[in-house]
Amino acid sequence: MTARPPKAPPIPAHPGLDVRTDELVWSGRFPLQRVVFTYTRFDGTPSRELIWELWRRGQGVALLPYDPWADRVALIEQFRLPILAAGYPPIETECVAGLLEAGEDPAEAARRETQEEAGLDPDRIEKIGRYFLMQGGCDEMMHLYCGRARLPEPGAGATHGLAAEGEDIRLLVLTAEEALARLDANTITNATAALCLHWLRQHRARLRQDWTTA
């Protein structure tokens, strides 16, 4: 068995859970575990033995920059190999996002990722919520935020990202109405961006008032 990296701790104990084997089968950037287990069903009986692969990504953050003065949002576009593998165009429209460093505060990580991927520095942020995106096979918890920032005219902007990580990220500024129209038309297929835009729809009027007077 491979020695465990910090991002792949053993499965925590839980009432009714019987972990029979817990093996680290891949220890790359994102470790993969193979877990054999049973659990107690709702009727109190034990489940059959299950074998699951568990992808350990840890915690992530995403932030939607919003300009309440001009009523604009900033998204990003970048190449995504898994999207192409699924048979879809690989240039995905997303929110700025990334993984937390060890011990990093999610809000500070969101600010860092916004600076790195969009060249923006939000001066005020509000938490949207925290969500699992792939609970059937991955432990990643995403912390979502909206951040106040002054944005340029709508359109594709400059590219950003860390050269050391091979990032090529293009800033995309849209009016809030256009972004919500894309959401409704399902041309934004990224779940994190969709969650953030659904939240903005519910809170947009409040932000336009509160964030322009403070």
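The model is predicted. At the N-terminal end, H4 is capped by asparagine 190, which places a side-chain oxygen 3.2 Å from the backbone nitrogen of threonine 192.

Threonine 192 is also one of the buried residues of H4; others include Ala193, Ala194, Cys196, Leu197, Trp199 and Leu200, as well as Arg204 and Leu207. What do the buried residues of H4 pack against? Their partners are the strands E4 (59-67), E5 (72-79), E6 (91-94), E8 (124-132) and E9 (141-148), together with helix H3 (176-184).

In soluble globular proteins, nonpolar side chains tend to be buried together. Here the largest nonpolar core has 25 residues, and the members touching the most others are Leu64, Tyr66, Leu197 and Leu200. Two or more residues come from each of E4, E5, E9, strand E11 (169-175), H3 and H4. H4 supplies the largest share, seven residues.

Leucine 64 shows how these parts meet. Beyond its neighbours within four places in sequence, leucine 64 is in contact with Val73, Ala74 and Leu75, with Cys95, with Tyr145, Cys146 and Gly147, and with Cys196, Leu197 and Leu200. Another core lies apart from the largest one; it has 17 residues, including Leu63, Ala74, Ala107 and Ala149.

Glutamine 33 belongs to strand E2, residues 32-38. Is glutamine 33 buried or exposed? Its relative accessible area is 0%, so glutamine 33 counts as buried. The side chain of glutamine 33 makes a polar contact of 2.8 Å with that of aspartate 22, and another of 2.4 Å with the side chain of arginine 56.

The record annotations can now be placed on the model. UniProt, in an unreviewed entry, lists "domain: Nudix hydrolase" at residues 56-196. Over that span the chain is 23% helix and 39% strand, with 24 Å between the end C-alpha atoms. The unreviewed entry in UniProt also gives "short sequence motif: Nudix box" at residues 98-120. Residues 98-120 are 57% helix and 9% strand, and their end C-alpha atoms lie 15 Å apart.

How values were computed
Residues are numbered from 1 along each chain as its sequence is written. This is a predicted model: local features need pLDDT of at least 70, side-chain atom pairs count only at pLDDT 80 or more; totals for chains, interfaces and linings use all residues. Side-chain values use heavy atoms; hydrogens and water are left out. UniProt positions are given in the numbering used here, feature names are shortened, and annotations may be inferred rather than shown by experiment. Helices (H or I, at least four residues) and strands (E, at least two) are DSSP runs, numbered from the N terminus. Buried means under 20% relative accessible area, exposed over 50%, partly exposed in between (1.4 Å probe, protein chains only). Contact means heavy atoms within 4.5 Å. A polar contact is a pair of N or O atoms within 3.5 Å; within protein, one must be able to donate a hydrogen and the other to accept it, and residues adjacent in sequence count only if both atoms are side-chain atoms. A nonpolar core is a set of buried Ala, Val, Leu, Ile, Met, Phe, Trp, Tyr and Cys residues joined through side-chain atoms within 4.5 Å.
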